[in-house]
Amino acid sequence: MAEPNVNTVTNTTEQSIDTNSNQPSNVTQPLEKELTPEEEAAQKAEEKRKRHEKRQAEAQKRETDLVYSTQTLFRTLSDYLRGELLATSEDYKLLENMNNVTKEKYVEMTEMAVKLGEQMTLLQQKYKSFQPYLEKIDEIDTSVNELEKTVVLLDEYTLRLEEKFKHLKQIGRLPYKKSNTMSNVQ
């Protein structure tokens, strides 16, 4: 900013230029007046006061901007930290819920395992009580298998005897009497 000369006061008059002739119609002429030392000191003091007020206004504006920026910073930082703490708190609540659900599942599984153990003990006792019957069934099964083998052998033997008998009948040689044997066989 250019400062006016403190020693002189300038009065100017406007000039207008005739656009057709490019000649100035009025010429500005500065009028200078000498200032007294008191006026000069007053003028300097006034300028100094204005500069001081201007600097104070600028400082006040900077300070106001700084205060606003600082308040905004702290408000934003506070919101951020509150959000972080809230998220962490929600994470801990979620973990607590997950732990509770897991604990309940393990309690259920423990109860189920105890019940299965009891059922298994009952089944083992029943199996032990049925063991003699199972052994008898195994013995009977073995006997039946042996009897089946014997029946099969007997059936085969009977078939061979029948074939021999038919064969002997065809050739007409029966070792025993016809009347006795035939009545017994039929």
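This is a predicted model: local features need pLDDT of at least 70, side-chain atom pairs count only at pLDDT 80 or more; totals for chains, interfaces and linings use all residues.
Glu 148 is partly exposed, having a relative accessible area of 47%. Together with Glu 135, Asp 138, Glu 139 and Asp 141, Glu 148 makes up a patch of negative charge on the surface.

Helix 1 spans residues 37–171 and bends by about 45° at Gln 131. A proline, Pro 132, follows within four residues of this bend. Just after helix 1, Gly 172 adopts a positive phi of about 80°.

Seven salt bridges are found in a search of the whole structure. One of them pairs Glu 53 with Arg 49, whose closest N and O atoms are 2.5 Å apart. These two residues are four residues apart in helix 1, and are therefore separated by about one helical turn. Glu 53 is partly exposed, at a relative accessible area of 39%, and Arg 49 is likewise partly exposed, at 36% relative accessibility.

A salt bridge also links Asp 79 and Arg 82, with 3.1 Å between the closest N and O atoms. Both residues belong to helix 1 and lie three residues apart, about one turn of the helix. Asp 79 counts as partly exposed, with 44% relative accessibility.

In a further salt bridge, between Lys 93 and Glu 90, the closest N and O atoms are 3.9 Å apart. Lys 93 is partly exposed at 45% relative accessibility, as is Glu 90 at 40%. Salt bridges with shared partners also connect Glu 46, Arg 49 and Glu 53 into one network.

Definitions and conventions. Residues are numbered from 1 along each chain as its sequence is written. Side-chain values use heavy atoms; hydrogens and water are left out. The bend at a residue is the angle between axes fitted to the seven residues ending there and the seven starting there. Patches are made of residues with over 30% relative accessible area and no salt bridge: like charges are joined within 9 Å, nonpolar side chains (Val, Leu, Ile, Met, Phe, Trp, Tyr) within 5 Å. Accessible areas come from the Shrake-Rupley method with a 1.4 Å probe; for residues, only the protein chains shown count as cover. A salt bridge is a side-chain nitrogen of Lys or Arg within 4 Å of a carboxyl oxygen of Asp or Glu. Lys and Arg count as positive and Asp and Glu as negative; His and the chain ends are not counted. The place of a charge is taken as NZ of Lys, CZ of Arg, CG of Asp or CD of Glu. Buried means under 20% relative accessible area, exposed over 50%, partly exposed in between (1.4 Å probe, protein chains only).
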